[in-house]
Amino acid sequence: MAHRKGTVMRLAALAAAVLAIVLVSLSSDIGNARAVVPYGVGDVFAGVGGGKIKHFDSAGNLLETLDTGTTCNEQLGMAFDSSSNLYATSSFGTCFPGGQVVKFNNTGSLIGPFGSGYSNSTESIAIDSANNVYVGQPDGTRDILKFDAAGAPQGAFDVATEDRGSDWIDLAADQCTMYYTSEGSLVKRFDVCTNTQLPDFASGLSGPCFALRIRANGEVMVTCQTQTYRLNPDGSVNSTYPVGSEYLFAMNLDPDGTHFWTAGYFTGNVYKVDIASGAGTAAPVFNASPTSFLSGLTIFGEPVVSRPTAPPIVKDPHLANLWLCQPVATCALDSGSGVGERDFNVDLNGAVTSISPKGEPQTVGSFEFEVRYDRKLVNVDVTAGSLFRVGGVLRSDVGCATTRGQGFVQFRCNVKGKDGAAITGPGTLAVVHVTPTADVYSMVIPSQENGIATQLINQGCELSDLQGHPIASSVCGDADVTLRYLEGDVNADCIVDVRDQQEVAFRWNSHTGQLLYNSRFDLEPAAPKLGDGDIDAHDMQVIYGRHGSTCGAPHPAQDPVDPKATTVPAPTPVGTGQ
């Protein structure tokens, strides 16, 4: 059976899918408000067709549906960069505006297209330690394309192929060796550092072969239509994992390092398989209900050999914007279009594998840390993360407590007894909720480069096992937050539009000393002195030049401000304009 070509069944399914497509532009989708659902370690992302990617938790509960803004029939390879942004391919069928890669931020808001020059087919993605992005193409030129982190082309690699092109790719830890399939019976290799074809890694597989992933121990998992292979570091077959009558296509590794996920291309059945025993092939964990085909599968927190492993405990992100809205209730839950509150997860990104001084494997018995903050700027609260919960409810054998003080909050969780399920990670230990104080709203105005930088300082971040022995871990990182308005958003609804234009125009030609004048609307110049004492064409241009800008996709970009960064002097003005 040929993938994406040549069968009446697939043509009929394709026609039905095309009839169901609703044309949605990328620009309108970026600006739409959406309920934010933070990515959790172990969450499953499934490309289900019709331009959509479904976001499930590890039990198969649907959390949200991401929209690529395309009408492509298949959403295939996906990957996360070091900032947890999601990159996804979208191709095939009646595809507008053609095969492409799209990028979502780390809470599921669509940033937009990434890169260009694709041969109307993009299928797989690999990201290296410098956040360079490689894209495999089964058709057209069949080349593997390389882009930098900003999406600028860095080159194309004319790799040797079989039945198709550079179908599915994965980059080795050496940052040079690209493993790939070509919908034949081989796993091929290419050196992207020297632009050289390498000897094949494996042969004689029951092709066509599709998705593949390199494990930390040098083994390679590759899915070939009816089964997934586990290949030894020398390319020989270690194990096979057939899954009934399924036509298998997508595959990815679980963050626990001991399981992989695969799915039925036509049925949408999603399986989680134990690599050592093969358990899990008999029944799916859930069904993703694809619109057309289940073509892509990725897991948040997936182990990726081409990127260094994160420290065991981190607060993410280190630097972040915290958009301000009025009233807060209208956007407190939506970081895609501005938030009045921002959550930071303290994640245990790897499984606990250490041994206690008594020679026993360690599991999490307690966790504590303290957050210090400027209470004039923000309020902070901490709640237990998913590691201590079952079905969203705190485990009965876990007790958590919070102690508040003047500018600090202490948080701790303890596991009572040894009868409950072992807590080994990965997963979220705690969620830090950050909310700006009311005073901040009067201190910041939506001018250029506005913002107040503040820090959350972590103290005493410690883990111990059930006997109280320390579990070695990195210290929780501090978080730097920029409290700011969207530039030009004078009425604070997280979009620059005609309402903002009207509010500034109403004060046209007013100046300091007049009742109509209000410094909040005096947006230009922004530096070295904020405002020039009147409302004129320059202030209106700030609004007009940002029309359509949103907190989810600000124009121009408003990057976070690092409070510890060296201040860069403002450039010297050129010219003598009045």
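Student: Which residues is Asn 252 in contact with, leaving aside its neighbours within four places in sequence?

Tutor: Asn 252 is in contact with Arg 213, Phe 260, Trp 261, Leu 297, Thr 298, Ile 299 and Glu 302, once the neighbours within four places in sequence are left aside. Contact here means heavy atoms within 4.5 Å. This is a predicted model, where local features need pLDDT of at least 70 and side-chain atom pairs count only at pLDDT 80 or more, while totals for chains, interfaces and linings use all residues. Residues are numbered from 1 along each chain as its sequence is written, and side-chain values use heavy atoms, with hydrogens and water left out.

Student: Okay, and is Asn 252 buried or exposed?

Tutor: Asn 252 is buried, and its relative accessible area is 0%. Buried means under 20% relative accessible area, exposed means over 50%, and partly exposed is in between, using a 1.4 Å probe and protein chains only.

Student: How far is Asn 252 from Pro 303?

Tutor: Their C-alpha atoms are separated by 9.2 Å, and the two residues are 51 apart along the chain.

Student: Which strand does Asn 252 lie in?

Tutor: Asn 252 lies in strand E20. Strands (E, at least two residues) and helices (H or I, at least four) are DSSP runs, numbered from the N terminus.

Student: What sheet does E20 belong to?

Tutor: An open sheet of four strands, in the order E20-E21-E22-E23, with antiparallel pairing. Strand E20 (248-253) and strand E23 (286-287) stand at the edges with a single partner strand each, so one side of each has no neighbour in the sheet.

Student: How many bridges join E20 and E21?

Tutor: E20 and strand E21 (residues 259-264) pair over four bridges, in the antiparallel sense. Two strands count as paired if DSSP finds at least two bridges between them. In this pair, Leu 248 stands opposite Gly 264 in E21.

Student: What about E2 and E3, how do they pair?

Tutor: Strand E2 (residues 52-56) and strand E3 (residues 62-67) are antiparallel, with five bridges. Lys 52 stands opposite Asp 67 in E3. Their hairpin has five residues between the strands, and Gly 60 takes a positive phi near 95° there.

Student: Which residues other than glycine have a positive phi?

Tutor: Ser 289 is one of them, with a phi of about 50°. Ser 289 is in the loop between E23 and strand E24 (296-299), and at 46% relative accessibility Ser 289 counts as partly exposed. Cys 494 is another, with phi near 70°. Cys 494 lies in the loop between strand E36 (479-484) and H4, and Cys 494 is buried, with a relative accessible area of 3%. Most residues other than glycine have a negative phi, and most peptide bonds are trans.

Student: Where are there cis peptide bonds, then?

Tutor: The bond from Gly 207 to Pro 208 is cis, with omega near 5°, and Pro 208 lies in the loop between strand E15 (196-202) and strand E16 (212-214). The bond from Glu 524 to Pro 525 is also cis, with omega near 0°. Pro 525 is in the loop between helix H4 (498-505) and helix H5 (537-544).

Student: New topic! Which residues touch the most other members in the largest nonpolar core?

Tutor: In that core of 43 residues, they are Phe 367, Phe 369, Phe 388, Val 432 and Leu 456. A second, separate core has 33 residues, including Ala 202, Leu 205, Val 220 and Val 222. A nonpolar core is a set of buried Ala, Val, Leu, Ile, Met, Phe, Trp, Tyr and Cys residues joined through side-chain atoms within 4.5 Å.

Student: Last one: how many helices and strands are in the chain, and how much of the chain is buried?

Tutor: The chain has five helices and 36 strands. Buried residues make up 53% of its 578 residues. Also, among contacts between residues at least 6 apart in sequence, 58% join residues at least 24 apart.
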